[in-house]
Amino acid sequence: MDGAALDGIVTMNLDLDESVAQAMEADVRLLPLLPELLADLWELGPPAEQVLAALESVGLEPGSTVLDLACGKGAVAVALAEQARVRVEGIDAFQPFLQAARALAAERGVSHRCRFEQGDIRNLLGQEEQYDAALLLSVGPVLGDYEQTLAGLRSLVRAGGYIVIEDGFLADGATNPPLAEGYAGHSEILRQLTACRDVLAREIICPTEQVRSVNRRNTDLIRQRASLLRASHPAFEKLIDEYVARQERETQILGTDVLCAIWVLRRA
């Protein structure tokens with residue numbers, strides 16, 4: 001990859017592009033078309049209501065400060081600002097998503113509680129901050145495994161604050177399913193999450209049929225957008241087809257070989 005996009009579309013900084021593409025499970029050359037491919041999807045990670053319920057269950061109070069890392073289009077951040085009445089700072093590397101997040105916050109009347117900034121979340125690790133909670137939702141291993149991720153995130157959160165991670169783990173009996181490289185079993189995930197002696201305050205294992213239903217619907221929406229983009233950007237046709245095929249394969253393993261969960265850790 002030489003940094004020049006197909007069809008004359010220019011991409012961002014290559015290193016940051018690759019990180020975004022990894023999190024979005026896309027070829028880096030497809031990034032310029034992702035806003036259109038994902039135009040019908042506001043929640044790019046777990047349902048905002050699940051994250052809200054998880055944080056409310058551990059006593060997150062109104063006025064708390066929350067850092068949403070890789071915030072996407074801001075669905076979770078805005079829901080927290082609107083319903084939990086907390087102050088949220090969202091960081092994402094992809095400018096089109098940030099624009100959507102700001103627009104959503106304005107539409108819901110919570111711009112005064114939300115701030116969305118462009119940045120590389122990897123550069124925040126190790127900084128001394130005092131957020132009441134930090135979120136890392138559906139981002140994948142861009143910060144390393146869970147043990148490495150927690151070690152890096154802890155400095156951003158005050159003692160007694162919360163770190164929320166949403167990802168997946170291998171179901172019992174699943175061995176090396178396609179697209180699940182790097183996933184571990186449930187007990188190993190919990191070992192890594194608590195390696196720094198933080199306390200698992202809440203675990204929500206997402207209902208299997210709900211996960212599969214949401215992913216099927218999202219894949220259908222992506223497929224519809226893809227059919228339009230193939231005609232308008234023929235040079236991207238192969239990349240678009242590969243992206244859609246990956247979403248379809250992932251839908252088949254989520255809820256079967258890989259189970260999704262939200263983990264809330266209380267920082268020691």
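Predicted model: local features only at pLDDT ≥ 70, side-chain atom pairs only at ≥ 80, totals over all residues.
Helices, here, are DSSP runs of H or I with at least four residues, numbered from the N terminus.

## Leu153 and its surroundings

Leu153 is buried, because its relative accessible area is 0% and the limit for burial is under 20%. Leaving aside residues up to four places away in sequence, Leu153 touches Leu69, Leu125, Leu136, Leu143 and Ile163. The C-alpha atom of Leu153 is separated by 31 Å from that of Glu107, a residue 46 places away along the chain.

## The sheet

Seven strands make up an open sheet, and their order is β3-β2-β1-β4-β5-β7-β6. The pairing in this sheet is mixed. Strands β3 and β6 (199-205) form the edges, each pairing on one side only. From one strand to the next, the twist averages 15 degrees.

Strand β4 is mostly covered, with seven of its seven residues buried. Strand β1 pairs with β4 in the parallel sense over four bridges, and Val66 stands opposite Ala133 in β4. The pairing of β4 with β5 is also parallel and runs over six bridges; here Tyr131 has Val157 of β5 as its bridge partner. Strands β5 and β7, by contrast, pair in the antiparallel sense over nine bridges. Glu166 stands opposite Ile262 in β7.

Helix α3 packs on this sheet and touches β4, β5, β6 and β7. The direction of α3 makes about 150 degrees with that of β6.

In soluble globular proteins, nonpolar side chains tend to be buried together. The largest nonpolar core of this model has 33 residues, and those with the most contacts inside it are Leu55, Val66, Leu80, Phe116 and Leu135. At least two residues of this core come from each of α3 (48-57), α4 (75-84), α5 (95-107), β3 (114-118), β4 (131-137), β5 (157-170) and β7 (258-266). Helix α4 gives the most, with seven residues.

Not counting residues up to four places away in sequence, Leu55 touches Leu60, Leu80, Ala133, Leu135, Tyr162 and Val164.

## Helices α3 and α4

Helix α4 is mostly covered: eight of its 10 residues are buried. The buried residues are Ala75, Val76, Ala77, Val78, Ala79, Leu80, Ala81 and Ala84. Their cover includes α3, β1 (65-69), β2 (87-92), α5, β3 and β4.

Two packed helices are described by the angle between their axes and the distance between the axes. For α3 and α4, the angle is about 50 degrees and the axes lie 9 Å apart. The two helices are therefore oblique to each other. The crossing of α3 past α4 is right-handed. On the α3 side, the contact is made by Ala48, Glu49, Val51, Leu52, Leu55 and Glu56. On the α4 side, the residues in contact are Ala75, Val76, Ala79, Leu80, Gln83 and Ala84.

## Positive phi angles and loop residues

Most residues other than glycine have a negative phi, and most peptide bonds are trans. Arg85, which follows α4, has a positive phi near 60 degrees. Ser138 and Arg197 also have positive phi values although neither is a glycine. Ser138 is found in the loop between β4 and α6, while Arg197 is in the loop between α7 (186-193) and β6. Their phi values and relative accessibilities are set out below.

| Residue | Phi | Relative accessibility | Class |
|---|---|---|---|
| Ser138 | about 55 degrees | 30% | partly exposed |
| Arg197 | about 70 degrees | 73% | exposed |

A further loop residue is Glu128, found between β3 and β4. Glu128 counts as exposed because its relative accessible area is 66% and the limit for exposure is over 50%. Glu128 and Ile163 are 35 residues apart in sequence, and their C-alpha atoms are 15 Å apart in space.

Technical notes
Residues numbered from 1 in each chain as written. Heavy atoms only, no water. Core = buried A, V, L, I, M, F, W, Y, C linked by side-chain atoms within 4.5 Å. Buried < 20%, exposed > 50% of the residue type's maximum accessible area, 1.4 Å probe, protein only. Contact = heavy atoms within 4.5 Å. Pairing = 2+ DSSP bridges. Axes fitted to C-alpha atoms, helices over the stretch in contact; angles between N-to-C directions. Parallel < 35°, antiparallel > 145°, perpendicular 65-115°, else oblique. Left-handed = near helix turned anticlockwise from the far one by under 90°.
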